[in-house]
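Hi there,

Here is the structure I promised to pass along. Have a look at it first, and my notes follow just below.

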Amino acid sequence: MSRLDASQRSWLEDQCSRYQKTADQGALSYLAGRDIPAEVADFYRLGLVLDAPPEHRRYEGMLSIPIIKRGVVQGMRFRCIREECKVNTREESHGDADGPHPKFKSTPGARTWLYGTDAMLSPSDEIEVTEGEPDAWTIRGALGLPVVSAPGVDTWKAHPWWALLFEGHRRVRLWADPDKAGRKLADQVAKDLGTKLMVVDLPDDVSWTYRDHGVGALIEAAGL
């Protein structure tokens with residue numbers, strides 16, 4: 001995929017800023033209900049898609065998740081936050097009269113990035129890795145640690161050069177989900193990173209462990 005030119009970067013920055021300004025019209029309350037504070041939403045520049053331009057009209061009403069690299073917006077993902085798509089507080093079913101729709105959406109032809117890579121510019125020689133953006137928000141909010149997130153094992157395997165980004169870190173903690181997909185991700189990352197990797201053993205995914213058991217459970221599991 002070709003690099004974004006100056007006009008494309010400017011347009012993405014404008015949309016990111018625009019959606020961030022409307023976050024208080026639904027995005028912040030959605031995040032607060034998942035114990036993600038407003039400071040974290042601001043740190044990641046999360047927003048709400050309202051009055052979208054034609055290019056983003058299909059994402060109207062969704063949470064906007066900018067992909068930022070060295071302070072520059074490189075792309076954007078979107079997450080459905082419609083109340084009618086929730087079955088209960090733990091499970092969700094995304095669909096309407098037109099049929100099911102995905103929980104997350106990306107723009108057509110969008111490049112896949114590790115999320116939150118500016119955290120790697122931190123002077124710390126330790127870095128956290130989660131499975132998905134919401135768990136990264138939780139780690140940042142609850143523990144204040146530099147964190148990136150990977151979409152899953154298939155995407156990680158499709159980007160073997162991602163492992164090179166961790167060469168400057170002495171310790172990498174992986175907060176993978178405790179399910180089959182999470183174990184596959186842990187096995188692949190361990191294969192690529194070797195002994196510097198620590199897989200954090202959790203009873204549930206990061207967000208639900210934090211919500212059900214508090215920050216102490218995360219601290220204990222990671223040995224912090």
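A charge sits over a ring when NZ of Lys or CZ of Arg is within 6 Å of the ring centre and within 35 degrees of the ring normal. In this model, which is a predicted one, Arg211 has its charged end over the ring of Trp208, 4.1 Å from the centre. Arg111 lies over the face of Trp113 too, at 4.3 Å from the ring centre.

Rings also meet other rings here. Searching the whole structure turns up five aromatic pairs. One of them joins Phe43 and Tyr44: the centres are 5.0 Å apart and the planes stand at 85 degrees, over the 60 that marks an edge-to-face pair. Phe43 is partly exposed, at 45% relative accessible area, while Tyr44 counts as buried at 8%. Ring pairs tie Phe43, Tyr44 and Tyr115 into a cluster.

Trp156 and Phe166 make a tilted pair, with centres 6.1 Å apart and planes at 35 degrees. This pair links distant parts of the chain: Trp156 belongs to helix 5, and Phe166, ten residues away, is in the loop between helix 5 and strand 9. Trp156 is buried at 2% relative accessibility, and Phe166 is buried at 1%.

Now for the strands. Strand 8 (residues 147–150) is covered on both faces, with Val147 and Ser149 buried on one side and Val148 and Ala150 buried on the other. Strand 7 (residues 126–131) pairs with strand 8 in the parallel sense over four bridges, and Glu128 has Val147 of strand 8 as its bridge partner.

Best wishes

Conventions. Residues are numbered from 1 along each chain as its sequence is written. This is a predicted model: local features need pLDDT of at least 70, side-chain atom pairs count only at pLDDT 80 or more; totals for chains, interfaces and linings use all residues. Side-chain values use heavy atoms; hydrogens and water are left out. Buried means under 20% relative accessible area, exposed over 50%, partly exposed in between (1.4 Å probe, protein chains only). Helices (H or I, at least four residues) and strands (E, at least two) are DSSP runs, numbered from the N terminus. Two strands pair if DSSP finds at least two bridges between them. Rings of Phe, Tyr and Trp (its six-membered ring) pair if their centres lie within 6.5 Å; planes under 30 degrees apart count as stacked, over 60 as edge-to-face and the rest as tilted.
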